[in-house]
Protein chains: 2
Amino acid sequence: MRVSVGDEGDVFDVIVIGAGPVGENAAARAVRGGLTAAVVEERLAGGECAYYACIPSKALLRPVELAAEVGRMPGLELRGPIDAAAVLARRDQAVSYLDDQGQVRWIENVPATFVRGRGRLAGPLRVEVTTPDGAVRPLRARHAVVIATGSDPAIPGIPGLREARPWSNREATSVQQVPKRLVTLGGGAVGCEMSQALHALGALETTLIVRGDRLLSRTEPFAGEMVARSFQESGIDVRLGRNVERVERPVPDGPVTVYLDDGSQVEADEILVGLGRWPAVRDLGLETIGLEGRGPIEVDASMRATDVPDGWLYAVGDVNGRNLLTHMGKYQARICGDVIAARVNGQPDDLPSLRDTADEQGAPQVIFTDPQVCAVGRTEELASAEGFAVRAVEYDIGAVSGAYLQADGYVGRAKLVADQARGVLLGVTFVGPAVVDLLHSATIAVTAEVPLERLWHAVPSFPTVSEIWLRLLEEYGL
Amino acid sequence: MRVSVGDEGDVFDVIVIGAGPVGENAAARAVRGGLTAAVVEERLAGGECAYYACIPSKALLRPVELAAEVGRMPGLELRGPIDAAAVLARRDQAVSYLDDQGQVRWIENVPATFVRGRGRLAGPLRVEVTTPDGAVRPLRARHAVVIATGSDPAIPGIPGLREARPWSNREATSVQQVPKRLVTLGGGAVGCEMSQALHALGALETTLIVRGDRLLSRTEPFAGEMVARSFQESGIDVRLGRNVERVERPVPDGPVTVYLDDGSQVEADEILVGLGRWPAVRDLGLETIGLEGRGPIEVDASMRATDVPDGWLYAVGDVNGRNLLTHMGKYQARICGDVIAARVNGQPDDLPSLRDTADEQGAPQVIFTDPQVCAVGRTEELASAEGFAVRAVEYDIGAVSGAYLQADGYVGRAKLVADQARGVLLGVTFVGPAVVDLLHSATIAVTAEVPLERLWHAVPSFPTVSEIWLRLLEEYGL
């Protein structure tokens, strides 16, 4: 697997810095292509996603969703409120009790070499790893280095905010004691998902403060409106269009007070910040190869860094800034590992499978709130701004038989954004309970640019929520 | 809307016999094309589906599914067993208390003329309706008659079976008093769905008797095996490979005894027969136009009857025998209504939207059991028999993060059947909880023949059950 070459360090065909799902996949695909690989990780192998993001947040949210579904179904009644302790225990299991042995084994089974420590570039094709015992271990890459370090939560410079030691997704998803009072800044995925989860698990006083005029501002307007309505109905205090002027937490573990620009203030036991993420490029040694490292590492469609001579540096996942979503990072990683292997092996490197086309079409995303928000492609606003000949149609999902059989009082809405010139879909949005796995139908339709005329022959089964497809296409005039 | 022409009867451009969802849609599409239409129905407008099949069965099954989901989720507990009375009340609401006023209004709003009574052909383009008061009302079609009479349950000639007055889907879905002991003959959709629903709602002793060696014999073998395992675990007695020799019910409302070919016998309070359905062609006057009326009415891809001169007769839905599924009947109806209008209006009648292509590709179908069985296209066995260059891959859905977050102990399996020659999918099967709306992704992929290489760029959101797509494509070698 590796060849020791004295003080130059161990040599691998590919060195991946970052062992989240993205880094793991890049290494695995490169090895599948016949290369050797090392994967370097300072923290837990498996990455943010496995321990502090996607996995624990969904473990917390699924019981909340299910309880809501039971509430919409006559004939079933829950014995009491959700047992938060049981849910947290299940979350602990889902994150493997923050033990990454299983992930390390996975990497070793690839087979790839796992190197625990802080990886930094030390010039072209060179990586230095500061291991947990403080030693520095040099590594050399024969062909490529892949940066897959992900992103860190952004904490804006609001006076008093940093001093208040706010929660990010990490503390929120790994919560052991649900605070009674929670104040959340930010109406994106993290802010919405964790506000709802923690509210349902015991944060009875939850306040969500959002600068913009709606939640989930990158989705179709009705999505954020429907989620806000659901939040308000469940007792979450949603405050839109409000800026935070300052935050005060005089006693480290004591209450925190948020002062808003309308003169009001919110006191809570914890403050959660979900105001975006920042590519994890700090302290990566990018300066040793002439990069400034102030923002995402720009890459081409094969994931190769565009500003680095000789084409040996790649960047995949959050750190390249394309789409900060685990599944898109993994997609990029598959491309990256394959393309490196193709280039090393002297095979064609320009096959369609070796080019990232999905990111620019608009990545699929699910917000696991109740209602769920599922979208792929462009919103109507974005598609229009980009100059497409847009035609959009909407329909109430609740009017579909499959939906009202699913739940009493089902509330949902769907939208198609079509390119009239080409007769294909540019974007699809579903908002409602239990639409999460309906999204992939839209992802296929948008990504593969299936003509509307052919979608017409894809008959949704009756009675399912999927019949919304028929209604939308009828609305479109088919 | 109509023109009276003396004793020749009222004249319409199109007369539809049968006001189920299929007949309703045929009329609506013809009217949308500028034609006048009458819809004739002897029983309830809305058809079998709305009152005695899809709708009530799903109203009964959804709480059962949801209760099972709660059982797989730590932190939630139901107060007690399902409240059958509440579920039956919700079912009654779902079937509009067997009142079809809403459906009649829907037809009149098309606008089309609703004629209540038994419709029979009386020669080319002529229909006679025997109205509820016994009068005979003649109708004349200017351009087309559409038969949309659906199907009836088949009751085989097992000695004593008819005399035992067995339940079909009608009695099972409209149950008011759930029998304590139920015996079901037949392991297809009706037999499986209703056995599970009634078992969960109080038929604690439920026995399912199946002639073949597995349930759901038209799907991939693992589907029926997984459903059988789930049934057995929940206490349903599944007997495979058994023939019924005779049935005895000495007292009309008393117990019924089923004698099997292994010498055993099963006593129950009711017997349900789900042994297929037969096109409803009896007493339709087909002999007046030279058809024998012994089987389905054969139609071409535009839904026009192939054995009738001058091309004025169409048949859509179960009665043409293509696929006995509501959604496929509705699909055929849209084509039929559109094609009749195109022909009357002298427009092209050979557009892709005017040809049924989906039926022969393999209709999508959902069996709403726990686990759900969702399939579209061809099984591996069928595709191989048809001579395709088949390559099939399978994967455990339970190994996907989105699935084990969805439910503890999630058990599911998925399969792709690909045509290696063309690099497209011929069939997809998903078995597991909560896969119902994942099916439409497969329906689009199969129907639109999306190349596997393009499906590779349709990235499933993480963590969702949809990620099974990624695993299957990886198994395939992408």
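## Where chain A meets chain B

Across the interface of chain A and chain B, ten salt bridges turn up. One pairing between these chains joins the side chains of B:D408 and A:R90, with N to O at 2.6 Å. Keep in mind as you browse that this is a predicted model.

Polar contacts link 37 residue pairs between chain A and chain B, counting pairs with both residues at pLDDT 80 or more. On the side of chain A that touches chain B, helix 3 (residues 54-71) supplies the largest share, ten residues. That side divides into 46 nonpolar, 17 polar and 20 charged residues.

Here are the overall values for this pair of chains:

| Item | Value |
|---|---|
| Residues of chain A in contact with chain B | 83 residues |
| Residues of chain B in contact with chain A | 83 residues |
| Area buried between chain A and chain B | about 6900 Å² |
| Share of that area from carbon and sulfur atoms | 60% |

Which residues of chain A lose the most area to chain B? They are A:R79, A:D437 and A:H457, together giving 11% of what that side buries.

Now for a stretch of chain A with a record attached. An unreviewed UniProt entry annotates residues 364-469 of chain A as "domain: Pyridine nucleotide-disulphide oxidoreductase dimerisation". Over those residues the chain is 25% helix and 30% strand, and the end C-alpha atoms lie 17 Å apart.

Finally, a look at one residue of chain B. B:Q196 sits in helix 7 (residues 189-200). Is B:Q196 buried or exposed? B:Q196 counts as buried because its relative accessibility is 6%, under the 20% cut-off. Leaving out residues up to four places away in sequence, B:Q196 touches B:V64, B:S230, B:F231, B:I236, B:T369 and B:D370.

How values were computed. Residues are numbered from 1 along each chain as its sequence is written. Chains are lettered from A and ligands numbered from 1 in the order in which they are written. This is a predicted model: local features need pLDDT of at least 70, side-chain atom pairs count only at pLDDT 80 or more; totals for chains, interfaces and linings use all residues. Side-chain values use heavy atoms; hydrogens and water are left out. Helices (H or I, at least four residues) and strands (E, at least two) are DSSP runs, numbered from the N terminus. Buried means under 20% relative accessible area, exposed over 50%, partly exposed in between (1.4 Å probe, protein chains only). Contact means heavy atoms within 4.5 Å. UniProt positions are given in the numbering used here, feature names are shortened, and annotations may be inferred rather than shown by experiment. Buried area is the accessible area (1.4 Å probe) that two parts lose on being put together, summed over both. A salt bridge is a side-chain nitrogen of Lys or Arg within 4 Å of a carboxyl oxygen of Asp or Glu. A polar contact is a pair of N or O atoms within 3.5 Å; within protein, one must be able to donate a hydrogen and the other to accept it, and residues adjacent in sequence count only if both atoms are side-chain atoms. Ala, Val, Leu, Ile, Met, Phe, Trp, Tyr, Cys and Pro count as nonpolar, Asp, Glu, Lys and Arg as charged, and the others, Gly among them, as polar.
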